[in-house]
Every structure is written in structure tokens, then in C-alpha cells.
Amino acid sequence: MARKKTNRLGIVCIVGPGLIGGSIGLGLKKKGLAELVIGVGRRSPSLTKALKLGAIDRATQDIEKGAGDADIVILCTSVRLIPQMAAKAVPVMKRGAILTDVGSTKQHIVKCIQDIKRKDIPFIGGHPIAGSERRGIEAAKADLFEGRLCILTPAGRNAGALRTIKALWQGLGAKISILSPDEHDRTLAATSHLPLILAASLVSTVGAKRLPYTGPGFRDMTRIASSDPELWCDILLQNRRKVLDALKLFQKELSHIESAIYGERQARLSSQLMRAKRLRDAL
């Protein structure tokens with residue numbers, strides 16, 4: 001009799017089965033990538049919803065219980081809570097299990113987790129570029145990561161663990177990029193964190209009285225201003241140095257456009273707008 005194949009990722013524990021964590025669970029289960037998906041959360045109603053939606057197979061509010069059985073533990077909480085959850089999970093994880101996360105910042109998280117001493121538990125930092133202004137398990141989708149980029153920031157040398165986490169994200173349909181934690185934070189400060197600030201600032205600048213006169217372009221530009229303020233405060237403050245650097249670069253670019261408009265320099269203004277158009281069209 002042929003031996004039954006086991007799922008290649010084994011038992012996966014998702015700490016925080018909300019939008020991202022729930023989507024991971026739905027994707028893993030839809031594609032049969034995991035033997036069992038355990039969900040760890042703080043609120044019983046959210047875990048019940050995750051079970052009903054089929055994002056997880058088993059639910060617990062005890063992270064030690066959930067992480068202890070897992071081959072892979074994925075931390076899907078806010079960036080502020082990820083180090084705290086790691087500190088609770090790592091001591092009970094079995095030898096050779098892998099710890100990973102989905103946090104939007106990396107240097108701070110990697111440093112905190114490296115300070116939790118346990119050499120037999122590799123940590124592979126991760127960040128899927130697939131968020132939404134919505135949150136919670138209700139917004140989770142099995143195909144959320146299809147065709148999206150996932151950045152991995154491995155800490156230390158563990159080729160086996162990196163291969164496993166790459167396989168997890170590739171199995172969910174994501175494309176992989178490897179960056180250092182510093183490169184990740186510098187890049188995302190410009191491509192993700194700065195746009196949130198600009199969107200929020202633009203909405204506030206327009207104000208309530210003028211909002212009814214906005215069109216699709218304004219709505220496209222400011223969609224992310226509807227994101228959870230608490231989550232974004234954690235991200236912006238945790239990556240504050242690189243966010244401030246990105247803001248300086250933006251202010252410099254804005255001053256060039258302001259100068260061209262003020263001086264009625266049409267050729268210079270057109271050149272700046274054309275350069276931006278070419279860059280955007282290349283996406």
C-alpha cells in the first residue's frame with residue numbers, strides 16, 4: 001500500500017487570523033499546503049468567525065498551546081505586538097520549527113526577536129505587499145496574495161528555513177524578493193508609509209466641505225487614508241527615521257514643482273510631470 005503523502009508545511013500556527021492571517025489560512029487550506037492550521041487570537045468571537053469561514057481548523061486564545069504543536073508560527077498581529085508574541089511563542093516552539101511574521105517594518109522586529117535567545121528556532125522576517133484599508137477576518141480572501149510581492153528578510157543563515165517560507169508564499173501565489181531589514185524599511189518608507197501620510201494629509205487639506213466635489217482620481221489617491229489609524233501609528237513610529245527621510249525627499253520634490261508654478265516656468269513644470277508620467281506608466 002502506498003504511503004499517504006503529508007502536507008509539505010506541516011502544522012501552521014497563525015497568531016492573529018485577521019485580514020492577512022485569515023487570508024494566509026484560507027489560502028493554505030484551499031491549496032492543501034498545510035496539515036493543520038491553528039489560529040491564535042485574543043477575542044473568542046473573531047476566532048469563531050475564522051473557524052466558520054474555514055480560515056483555521058483549530059482555535060485557541062493561548063499562544064503557548066497553539067505555537068507548541070506547530071512546524072511554522074506566523075505572527076500576524078500589529079507591528080507593536082509582534083515582538084511580544086514572539087517572546088511568548090519561542091520558548092514553547094519545538095526544535096527546528098520556524099518563526100516568521102508579516103510586519104510592515106523589519107529592523108525593529110528582527111532586533112527584538114534576535115534578542116530572544118534560541119538558536120534552534122530560525123526566524124525569517126516576511127512582509128506581503130497585499131494589504132487593504134479594511135481589516136478583520138471578514139475581509140480575508142484565499143487569493144489575496146496571488147501575483148503580489150512578498151519581501152523576506154532572513155536573519156542569520158538558515159537556507160532550509162528560507163526555502164520553507166519561500167515555498168509557503170509561493171504556494172499562496174506570491175512573488176518573492178529578498179532584502180535586508182534596513183533595505184526593507186528604507187524602501188517601504190517611500191513606497192508604503194509615505195503614501196499613507198500623503199493620502200491622510202490630502203484628505204485633511206481638502207476638508208469636509210469640498211469632499212462632495214471629488215472624483216475617482218481623488219478617491220483612488222486617498223483610499224488608504226481609510227486604514228486603521230492605530231495600526232499605522234505603530235508602523236510610522238517604529239520606522240520613524242526612514243519615514244522622516246522619505247518625507248524630506250518628498251518635500252524637496254514638492255518644492256521643485258512649487259517653484260516651477262510660482263515662476264510660471266512651463267517647460268520645467270512639464271518636464272517634471274512628464275518624468276513622473278514615464279515612471280508611473282512603466283509600472
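1. Strands pair if DSSP finds at least two bridges between them; strands themselves are DSSP runs (E, at least two residues) and helices are runs of H or I, at least four residues, numbered from the N terminus.

2. This is a predicted model, in which local features need pLDDT of at least 70 and side-chain atom pairs count only at pLDDT 80 or more, while totals for chains, interfaces and linings use all residues. Residues are numbered from 1 along each chain as its sequence is written, and side-chain values use heavy atoms, with hydrogens and water left out.

3. On its other pairing, β1 (residues 11-15) is joined to strand β2 (residues 36-40) by five bridges, and these strands also run parallel. Ile 11 stands opposite Leu 36 in β2. Between β1 and β2 the chain passes through helix α1 (residues 19-30), and this β-α-β crossover is right-handed (with the strands pointing away from the viewer, the path from the first strand over the helix to the second runs clockwise).

4. Is β1 covered on one face or on both? Both faces are covered. Ile 11, Cys 13 and Val 15 on one side, and Val 12 and Ile 14 on the other, are all buried (under 20% relative accessible area; exposed is over 50%, partly exposed in between; 1.4 Å probe, protein chains only).

5. The largest nonpolar core has 35 residues, of which Ile 24, Leu 28, Phe 145 and Trp 169 touch the most other members. Such a core is a set of buried Ala, Val, Leu, Ile, Met, Phe, Trp, Tyr and Cys residues joined through side-chain atoms within 4.5 Å. Helix α1 gives the largest share, five residues. A second, separate core of 34 residues includes Val 15, Ile 109, Leu 196 and Ile 235.

6. The structure holds one aromatic pair. Phe 145 lies in the loop between β6 (123-128) and β7 (149-154) and Trp 169 in helix α6 (residues 159-171), so the pair ties together parts 24 residues apart in sequence.

7. Asp 234 belongs to helix α9 (residues 229-238). Asp 234 counts as buried because its relative accessibility is 15%.

Terms used
Phe/Tyr/Trp six-rings, centres within 6.5 Å; stacked < 30°, edge-to-face > 60°.
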